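Here are my notes for you, written for someone opening this one for the first time. Keep the viewer open while you read, and go through the points in order.

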Amino acid sequence: MRLTHAPLRIIIGAFFLNSGLSKRSLEGEAAAGMHGMAVGAMPQLRQFPPDRFARLLSGSEIALGAALLTPFVPSLLAGAGLTAFGAGLVQLYLKTPGMREGNSLKPSQAGIGLAKDSWLVAAGLTLVLDSLAHKRRFT
């Protein structure tokens, strides 16, 4: 990990680790609500029961957080994971009714939280692109 990547990776990694750990015990209505929202944006997730989906989401967030926080995980790899996860959240924002005002990209009051996840895509792409540019300069 390059020193210039550390602030981004530490803050986002800690956030993901905390989020994943807090979802470890989700079940019942909480898991069903989260699953229902995800299925609305990505119907293929219907194949997972809500409790299993919550465990998979928790595990994914914990793994991504740990990867971002671990210095020997290359920023290229951590950034690719962050970009993919963030893209899924942006898809959730774009496909969930009521998250945007009309047919625009502007978030509704209810959609502000999900719209902010676009920053995760930008942060992930920054790690990926900087890693690729850095490799190109030194090869």
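1. Start with H2 and H4: these two helices pack at an angle of about 80°, and their axes are 8 Å apart. That makes H2 roughly perpendicular to H4, a label used for angles of 65 to 115 degrees, while under 35 degrees counts as roughly parallel, over 145 as roughly antiparallel and the rest as oblique. Axes here are lines fitted to C-alpha atoms, for helices over the stretch in contact, with angles running from 0 to 180 degrees between N-to-C directions. On the H2 side you'll find Met 37, Ala 38, Gly 40 and Ala 41, which meet Gln 91, Leu 92 and Lys 95 of H4. Sorted by class, this contact has four nonpolar, two polar and one charged residues. The classes work like this: Ala, Val, Leu, Ile, Met, Phe, Trp, Tyr, Cys and Pro are nonpolar, Asp, Glu, Lys and Arg are charged, and the others, Gly among them, are polar.

2. A word on what you're looking at. This is a predicted model, where local features need pLDDT of at least 70 and side-chain atom pairs count only at pLDDT 80 or more, while totals for chains, interfaces and linings use all residues. Residues are numbered from 1 along each chain as its sequence is written, and side-chain values use heavy atoms, with hydrogens and water left out.

3. Now the overall picture. The protein chain has six helices and zero strands, so to speak a pattern of α-α-α-α-α-α along the sequence, with helices (H or I, at least four residues) and strands (E, at least two) taken as DSSP runs numbered from the N terminus. Its C-alpha atoms fill a box of roughly 50 × 35 × 25 Å along the principal axes. Of the 139 residues, 37% count as buried, meaning under 20% relative accessible area, with exposed being over 50% and partly exposed in between (1.4 Å probe, protein chains only). Among contacts with a separation of 6 or more, 64% are between residues 24 or more positions apart; contact means heavy atoms within 4.5 Å.

4. H2 has another partner. Helix H2 (residues 28–41) and helix H3 (residues 50–69) pack at an angle of about 80°, with axes 8 Å apart. That makes H2 roughly perpendicular to H3. From H2, the contact uses Gly 28, Ala 31, Ala 32, Met 34, His 35 and Ala 38, and from H3 it uses Pro 50, Asp 51, Phe 53, Ala 54 and Leu 57. By class that gives eight nonpolar, two polar and one charged residues.

5. Which residues touch the most other members of the largest nonpolar core? They are Ile 12, Phe 16, Leu 45, Leu 68 and Leu 82, out of 26 residues in that core. A nonpolar core is a set of buried Ala, Val, Leu, Ile, Met, Phe, Trp, Tyr and Cys residues joined through side-chain atoms within 4.5 Å. H1 (6–22), H2, H3, H4 (75–95), H5 (112–115) and H6 (118–137) each supply at least two residues, and H4 gives the most, with six. Take Leu 68: leaving out residues up to four places away in sequence, Leu 68 touches Arg 9, Ile 12, Gly 13, Ala 78, Leu 82 and Leu 127.

6. Stay on H3 for a moment. Apart from neighbours within four places in sequence, Glu 61 is in contact with Phe 16, Leu 17, Ser 19, Gly 20, Lys 23 and Phe 85. Leu 57, also placed in H3, is buried at 16% relative accessibility. With the four-place neighbours again left out, Leu 57 touches Lys 23, Met 34 and Phe 85. Ser 60 of H3 is partly exposed, at 37%.

7. Finally, two loop residues. Pro 49 sits in the loop between H2 and H3 and is partly exposed at 45% relative accessibility. Lys 116 is in the loop between H5 and H6, partly exposed with a relative accessible area of 44%.
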